[in-house]
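Subject: Structure handover

Hi,

Here is the structure you asked about. My notes on what was found follow below it.

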Amino acid sequence: MPSLPDLPALRTRLQREGFAFLTANVMRGLLDAPHAFDDWEAFAASWNDLAPDTYLAAQGRHRQRRHATFTIDAAGSLQRAPHQPHFQSLEYNPLQGNIQRWFRPIHPAIADGPSLRGILRFSQSLFGALAPEVRAWHVETHQFRIEAKVGEAGEPTPEGRHRDGVDYVLVLMIDRQNIESGTTTIHAADGELLGSFTLVHPLDAALVDDARVFHGVTPVTPLDPDLPAHRDVLVVTFRRADPAA
């Protein structure tokens with residue numbers, strides 16, 4: 001099973017290609033640490049208690065979420081920041097840019113639990129080595145549930161192909177029920193398709209160098225129209241902290 005010595009090869013891949021798709025088995029090995037998954041059942045179940053995203057610019061897009069912000073330094077010291085809005089400029093989000101979007105906070109037991117903390121520390125060990133000059137990171141975590149209904153496809157990225165306006169992004173599959181599609185696509189600035197893959201299993205992951213490539217996810221539709229359908233992911237973004245902040 002892969003373990004932490006595989007990180008140099010993963011860093012090289014990100015430096016060379018600007019993105020990487022990791023299967024659940026690989027991610028499980030990279031996150032392998034004592035007690036790393038002790039709260040995984042409760043962690044995954046917390047996606048059943050998200051709140052509607054009221055900022056969507058169009059109707060019929062079924063998205064629920066929670067949000068939390070952290071700081072983490074080069075030594076791996078991790079602190080949850082006071083609850084604050086999520087903000088993107090219109091340059092990065094033409095649908096919902098230039099507004100402060102307040103979302104329900106991630107529950108403290110989940111934010112403080114070993115699953116999320118392990119994911120964040122792994123991310124810092126990977127992204128921090130790609131930018132060793134960065135002493136501290138502003139980290140945002142988003143719990144997303146995209147629901148799909150008959151005649152109303154769920155849209156994981158209603159803004160289309162985009163960048164998030166950060167340095168690095170991790171997208172981690174949590175649960176996928178009764179849906180098809182939801183394919184992640186990676187693009188160059190001119191729109192050229194660089195790669196595509198579908199997160200299917202819990203812990204399947206996408207890693208993105210946000211300054212270099214664009215990403216998007218195709219809409220999801222229900223396999224069985226008579227059953228609930230959803231796509232649950234955790235999105236983690238790392239942005240260099242402002243030294244003056």
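First, a term: two strands pair if DSSP finds at least two bridges between them. Strands (E, at least two residues) and helices (H or I, at least four) are DSSP runs, numbered from the N terminus.

Some ground rules. This is a predicted model, where local features need pLDDT of at least 70 and side-chain atom pairs count only at pLDDT 80 or more, while totals for chains, interfaces and linings use all residues. Residues are numbered from 1 along each chain as its sequence is written, and side-chain values use heavy atoms, with hydrogens and water left out.

**Strand β10**

Start with β10 (residues 205–209). Buried means under 20% relative accessible area, exposed over 50%, and partly exposed in between (1.4 Å probe, protein chains only). In β10, 5 of the 5 residues are buried, so the strand is largely enclosed by the rest of the structure. In a regular strand, side chains alternate between the two faces of the sheet. Here both faces are covered: A205, L207 and D209 lie on one side, A206 and V208 on the other.

Two strands are joined to β10. β1 (residues 19–22) runs antiparallel to β10, with 4 bridges. F19 stands opposite V208. β6 (residues 168–177) is also antiparallel to β10, with 5 bridges. There, V171 faces A206.

**The cores**

A nonpolar core is a set of buried Ala, Val, Leu, Ile, Met, Phe, Trp, Tyr and Cys residues joined through side-chain atoms within 4.5 Å. The largest one has 41 residues, and L10, M27, F43, L207 and L234 touch the most other members. Helix α5 (residues 114–130) supplies the largest share of this core, 7 residues. A second, separate core has 14 residues, including F19 and V169.

**Helices α1 and α5**

The axes of α1 (residues 7–17) and α5 come within 10 Å and cross at roughly 55 degrees. Axes are lines fitted to C-alpha atoms, for helices over the stretch in contact, and angles run from 0 to 180 degrees between N-to-C directions. Contact means heavy atoms within 4.5 Å. Among the residues that meet are L10 and L14 in α1, and F122 and L126 in α5.

Which strands form the open sheet of 3, and in what order? The order is β9-β8-β11, with antiparallel pairing. β9 (193–198) and β11 (214–217) stand at the edges with a single partner strand each, so one side of each lacks a neighbour in the sheet. β8 (residues 183–187) is joined to β9 by 5 bridges.

Best wishes
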